[in-house]
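Please read this briefing beside the sequence and the 3D view. It is arranged by topic.

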Amino acid sequence: MGVPVLSETSVTFDRLKAFIQQALTAVGLPDTDAAEVAGLMAAADLQGSDGHGVSRLPQYVRRIKAGGFNVRPNIHIVHEHASTAVLNGDNGMGHLVMKRAAGMAIEKARSTGIGWVNSQFSNHAGPASLYATMPLAHDMIGLYFAVGNANHLPPWGGLDMLLSTNPIAAAIPAGDENPIVLDMATTVAAYGKVKAKALRGETMPEGWMIDRKGQPLTDPKRADEGMLLPLGGMEAGYKGYGLAMIIGLLAGTLGGAAMGSEVIDFNHDDDSVTNTGQAIAAINIAAFGDVAIFKRSVDALVRDFRNSERIPGVDRIWVPGERSHETRMKRTSGGIPVAPALLRALDQVADDLGISRLGD
């Protein structure tokens with residue numbers, strides 16, 4: 001007889017948010033902060049960023065208990081000019097720091113045309129697109145850069161892990177079409193996707209990771225034995241390596257945050273301060289011309305791409321952000337899937353904290 005395959009559990013956005021909020025409140029976050037973080041974490045799952053949503057909750061809870069996060073941070077400005085600022089997160093939850101940074105960038109862009117805010121002493125904040133899309137509601141373009149919370153990438157041709165996935169995201173508003181939203185790591189796959197594969201008991205495609213002998217590594221549970229490949233893979237990985245380095249300098253070094261050998265691997269270290277660095281920029285479209293004309297131009301470009309001639313076997317040409325939008329619509333109506341292994345881990349968190357289980 002074969003081993004029975006357990007089905008995924010589906011939960012609503014509201015239920016998932018409430019569960020996360022209960023857990024974070026139970027470990028000491030103030031109610032308002034817990035609600036804010038929970039909403040952003042659940043939003044990550046809603047859009048399909050499964051490696052950056054509720055799957056991170058057991059780790060967050062573990063780090064908070066170990067003193068690795070400050071549950072009552074004094075998030076404050078350390079440097080500020082008309083268009084720029086550096087925000088010290090006081091080792092608080094990264095979601096709180098980056099939402100504050102995004103708000104500051106938007107206000108600065110409203111006054112000066114462009115706002116750029118770096119963070120220092122922040123923490124993991126979930127998918128980059130959560131923050132890059134915040135300026136959209138204000139008719140602004142959003143850009144986001146971050147230093148990842150663990151190094152999984154060596155310099156091109158090397159073996160020492162000195163770079164992380166260092167994600168970049170960009171969000172550009174449209175008119176009748178959905179916004180263009182690009183969210184990508186500078187590696188072939190983000191490490192969160194590796195974690196998600198492990199939770200589902202799936203193997204990784206060849207080309208995501210290699211071992212220290214240069215051989216393909218496809219078992220996500222052995223990820224610690226290998227390294228992620230930079231964008232470009234084995235043939236042109238110098239491009240991804242270079243991009244990861246530049247983003248790290250912009251998001252980390254520029255704002256006085258960790259970069260290179262200074263990065264703490266928060267997957268294996270629960271109590272050290274990570275000094276995670278991120279940067280967000282808001283660009284006010286009105287500072288460059290008529291907003292309505294710009295949006296119409298974006299709409300026209302999207303339709304040109306979508307309606308362009310396709311190679312045989314391709315059913316549709318996708319624009320960045322469309323798949324996430326479809327996932328968000330699907331999960332809003334049909335629920336957010338939770339893998340069996342993740343549900344067991346979340347049940348354990350609930351039992352340890354004395355709160356209701358997610359499926360109850």
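The points below cover the nonpolar cores and the salt bridges.

This is a predicted model, in which local features need pLDDT of at least 70, side-chain atom pairs count only at pLDDT 80 or more, and totals for chains, interfaces and linings use all residues. Residues are numbered from 1 along each chain as its sequence is written, and side-chain values use heavy atoms, with hydrogens and water left out.

**Nonpolar cores**

- A nonpolar core is a set of buried Ala, Val, Leu, Ile, Met, Phe, Trp, Tyr and Cys residues joined through side-chain atoms within 4.5 Å, where buried means under 20% relative accessible area, exposed over 50%, and partly exposed in between (1.4 Å probe, protein chains only).
- The largest nonpolar core has 59 residues, of which L57, Y144 and I280 touch the most other members.
- Helix α4 (residues 94-112) gives the most to this core, with 9 residues; helices are DSSP runs of H or I with at least four residues, strands are runs of E with at least two, and both are numbered from the N terminus.
- A second, separate core of 9 residues includes M204, L217, A223 and L228.

**Salt bridges**

- The structure holds 18 salt bridges, each a side-chain nitrogen of Lys or Arg within 4 Å of a carboxyl oxygen of Asp or Glu.
- R303 and E177 form one of them, with their closest N and O atoms 2.8 Å apart.
- Because R303 lies in helix α8 (residues 291-306) and E177 in the loop between β6 (168-172) and β7 (180-184), this pair ties together parts that are 126 residues apart in sequence.
- R303 counts as partly exposed at 33% relative accessibility, whereas E177 counts as buried at 16%.
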